[in-house]
Amino acid sequence: MAAKLRKGDKVVVLAGKDKGREGEIAAVMPKAGKAVVTGVNSAVRHTKQSQNAQGGRIPQDMPIQLSNLALVDPKEGGPTRVGFKMDGDKKVRYAKKSGEVLDA
């Protein structure tokens with residue numbers, strides 16, 4: 001099945017400690033059903049200093065379930081579901097709330 005949320009999409013968190021926060025998808029893990037969103041679900045990782053990197057307490061964005069994310073509608077700004085339709089001979093994603101085509 002085609003992925004409804006993709007890297008670079010602007011999403012809003014529907015459930016959990018970061019409910020209501022918005023961010024951009026940095027990575028999607030379809031087999032795990034999770035995505036990494038910038039600025040959401042951050043955890044502090046304690047890392048040892050190495051020759052290449054500074055050590056210390058470094059905040060890192062952790063994966064969040066795809067079911068807890070909704071795409072931000074490009075027209076209206078609120079959360080929306082994603083659907084698929086045929087645009088000529090191409091299959092495109094669209095926002096169900098406004099009908100706006102997401103893939104250009």
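Predicted model: local features only at pLDDT ≥ 70, side-chain atom pairs only at ≥ 80, totals over all residues.

In which strand is the place of Val 92? Val 92 has its place in strand S10, where strands (E, at least two residues) and helices (H or I, at least four) are DSSP runs numbered from the N terminus. Residues are numbered from 1 along each chain as its sequence is written, and side-chain values use heavy atoms, with hydrogens and water left out.

Val 92 counts as buried, at 5% relative accessibility; here buried means under 20% relative accessible area, exposed means over 50%, and partly exposed lies in between, with a 1.4 Å probe and protein chains only. If we leave aside neighbours within four places in sequence, Val 92 is in contact with Gly 83, Phe 84, Lys 85, Asp 87, Val 101 and Asp 103, contact meaning heavy atoms within 4.5 Å. Gln 65, by comparison, is 27 residues from Val 92 in sequence, and the two C-alpha atoms are 23 Å apart in space.

Is Arg 93 buried or exposed? Arg 93 is buried, with a relative accessible area of 4%. Its side chain reaches the backbone oxygen of Lys 4 at 2.6 Å, and a polar contact of 2.9 Å joins the side chains of Arg 93 and Asp 9. By polar contact I mean a pair of N or O atoms within 3.5 Å; within protein, one must be able to donate a hydrogen and the other to accept it, and residues adjacent in sequence count only if both atoms are side-chain atoms. Not counting residues up to four places away in sequence, Arg 93 touches a list of residues that includes Leu 5, Val 82, Glu 100 and Leu 102.

Now to the strands that pair with one another. There is an open sheet of six strands, in the order S6-S3-S2-S1-S7-S8, with antiparallel pairing, and two strands are said to pair if DSSP finds at least two bridges between them. Strand S6 (63-65) and strand S8 (79-80) stand at the edges with a single partner strand each, so one side of each is left without a neighbour in the sheet. Inside this order, strand S1 (residues 10-13) and strand S7 (residues 69-72) pair in the antiparallel sense over three bridges, and Val 12 stands opposite Ala 70 in S7.

The largest nonpolar core has eleven residues in all, among them Leu 5, Val 11, Ile 25, Val 37, Leu 71 and Val 82. A nonpolar core is a set of buried Ala, Val, Leu, Ile, Met, Phe, Trp, Tyr and Cys residues joined through side-chain atoms within 4.5 Å. S1, S3 and S7 are the elements that give two or more residues to this core.

Next come the charged side chains. How many salt bridges does the rule give? The count comes to four, where a salt bridge is a side-chain nitrogen of Lys or Arg within 4 Å of a carboxyl oxygen of Asp or Glu. In one of them, the side chains of Lys 10 and Glu 22 meet at 3.6 Å, N to O. Lys 10 lies in strand S1 and Glu 22 in strand S2 (residues 22-29), so this pair ties together parts that are twelve residues apart in sequence. Another salt bridge joins Arg 21 and Asp 18 at 3.3 Å, N to O; Arg 21 is partly exposed at 42% relative accessibility, whereas Asp 18 is buried at 10%.

Finally, please look at Asp 73, which lies in the loop between S7 and S8. Asp 73 is buried yet has no salt bridge, and the nearest side chain of opposite charge, Lys 97, is 6.0 Å away; for charge, Lys and Arg count as positive and Asp and Glu as negative, while His and the chain ends are not counted. The side chain of Asp 73 does, however, reach the backbone nitrogen of Lys 75 at 2.9 Å.
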